[in-house]
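Subject: Structure handover

Hi,

Here is the structure you will be taking on. My notes on what I found follow below it.

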Amino acid sequence: MKPLESTADGVRLRLRIQPRASCTEVVGLHGESLRIRLSAPPVDGAANEELVRFLAEQLGVSRHAVEITAGHGGRQKTVHVQGVRIRAAAEALGIPTP
């Protein structure tokens, strides 16, 4: 499995999330996942909302284009982003192009 995969209408991201960090940022690769620190706590969906907002901003898409498809309550998440190509996503997130 790769942290970033192309889909028919966008990309799929495999993420490792660290909530309650000092700032929201992409840290880099963590095994087979992309590690992201979030400033929001994992309470009442705040971390998930911050993740969607951050990814939409970084990838230049609307929040509606970002969907958490697995791992809503855990640190390991799978996210689908519509309307972005794999090379553009890799560049925007600062990871090696697959």
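Two strands count as paired if DSSP finds at least two bridges between them. On that basis, Leu29 has Leu34 in β4 as its bridge partner. Please keep in mind that this is a predicted model.

Strands. β3 and β4 run antiparallel, joined by 5 bridges. Their hairpin has 2 residues between the strands. Gly31 takes a positive phi there, near 65°. β4 also pairs with β2, this time in the parallel sense, over 4 bridges. One of the partners here is Arg37 in β4, bridged to Gln18.

Core. The largest nonpolar core holds 26 residues. Leu15, Ile36, Leu51, Leu55, Val79 and Val81 have the most contacts inside it. Elements that give two or more residues are β2, β4, α1, β5, β6 and α2. α1 supplies the largest share, with 7 residues. Take Ile36: beyond its neighbours within four places in sequence, its contacts include Leu15, Ile17, Val26, Leu51, Phe54 and Leu55. Arg16, Gln18 and Glu25 are also among the contacts of Ile36.

Helix α2. Which residues of α2 are buried? They are Ala89, Ala90 and Leu93. These lie on the same side of α2, because they cover an arc of only 100° around the axis. Arg87 and Glu91, on the other side, are exposed. The cover over the buried residues of α2 includes β1, β2, β3, β4 and α1. Gly94 follows α2 and has a positive phi, near 70°.

Best wishes

Note on methods: Residues are numbered from 1 along each chain as its sequence is written. This is a predicted model: local features need pLDDT of at least 70, side-chain atom pairs count only at pLDDT 80 or more; totals for chains, interfaces and linings use all residues. Side-chain values use heavy atoms; hydrogens and water are left out. A nonpolar core is a set of buried Ala, Val, Leu, Ile, Met, Phe, Trp, Tyr and Cys residues joined through side-chain atoms within 4.5 Å. Buried means under 20% relative accessible area, exposed over 50%, partly exposed in between (1.4 Å probe, protein chains only). Contact means heavy atoms within 4.5 Å. The arc is that of the directions from the helix axis to the C-beta atoms.
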